Amino acid sequence: VPTRIEKKDGRYYAIINSLTNSMYLLIYNPVELQLLNAYWSKEHIEDMVSRLVISCNTEASLDADQFISHIDFLTYVINGMGLMRYDLNTEDSQAITDKTIMSNIISIAYEYELIDNKQSFYENADSIISREEAMVILSRCMEVCKIEAQPDDENFIKCFEKFIDSDEISVDLKQMIAHCIKSGIIYGDAK
């Protein structure tokens, strides 16, 4: 679950932000990925792997230039929000397959209103997610987590000015995408 460590009066404290009523175990799991040294995202990816948001069997399985599928992105979001649960209604752990885990992830996302349509998501699970689709999911996550960053009308237009492809954004999704940009969750440049 989202956690930060603070030091106060010489003692360390874990601040745990949970959306569920659960028990937690804190671990220290620093990860350094040499194959990502040339990437701007190295620090962010290492942080997510350290926090077990992203799992990888080998460093080679993490390619910062690779596109990401709908289900992989949703898995990272569900893990990052601390919502993943393994109530797969099976006593035989060998019976848990990738398909049952995917079904669980999609059900959790639907339950928290991160996605609109479970069936459509199943059908497109392995296809590449667009930036627009990812930002819609992130905006919905921010609503669930009560992160406020709604731009006023003047800032709404300005937040898109530096992006050369901003005219490609669906009009009905601009408010959600502006929410992501103004909160600092999404950033970029004119390239």
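1. Arg140 has a relative accessibility of 14% and therefore counts as buried, the cut-off being under 20%. This value, like the others in this note, comes from a predicted model.

2. The partner of Arg140 is Asp116: the two form a salt bridge, with 3.1 Å between the closest N and O atoms. Side chains of opposite charge can pair when their charged atoms come close. Arg140 belongs to helix α5, whereas Asp116 sits in the loop between α3 (98-111) and α4 (118-124), so the pair ties together parts that are 24 residues apart in sequence.

3. Which residues make the contact between α2 and α5? On the α2 side they are His70, Phe73, Leu74 and Val77. On the α5 side they are Glu133, Ala134, Ile137, Leu138 and Cys141. By class, this contact has seven nonpolar residues, one polar residue and one charged residue.

4. A further point concerns Leu26, which lies in the loop between β2 (11-16) and α1 (42-50). Leaving aside residues up to four places away in sequence, Leu26 touches Thr3, Ala14 and Ile16. Leu26 and Thr3 are 23 residues apart in sequence, and their C-alpha atoms are 9.1 Å apart in space.

5. As for the whole protein, the model has seven helices and two strands. Their order from the N terminus is β-β-α-α-α-α-α-α-α.

6. How many of the residues count as buried? The share is 31% of the 191 residues of the protein. Among contacts with a separation of 6 or more, 57% come from residues 24 or more positions apart.

Terms used:
Residues are numbered from 1 along each chain as its sequence is written. This is a predicted model: local features need pLDDT of at least 70, side-chain atom pairs count only at pLDDT 80 or more; totals for chains, interfaces and linings use all residues. Side-chain values use heavy atoms; hydrogens and water are left out. Contact means heavy atoms within 4.5 Å. Helices (H or I, at least four residues) and strands (E, at least two) are DSSP runs, numbered from the N terminus. Ala, Val, Leu, Ile, Met, Phe, Trp, Tyr, Cys and Pro count as nonpolar, Asp, Glu, Lys and Arg as charged, and the others, Gly among them, as polar. A salt bridge is a side-chain nitrogen of Lys or Arg within 4 Å of a carboxyl oxygen of Asp or Glu. Buried means under 20% relative accessible area, exposed over 50%, partly exposed in between (1.4 Å probe, protein chains only).
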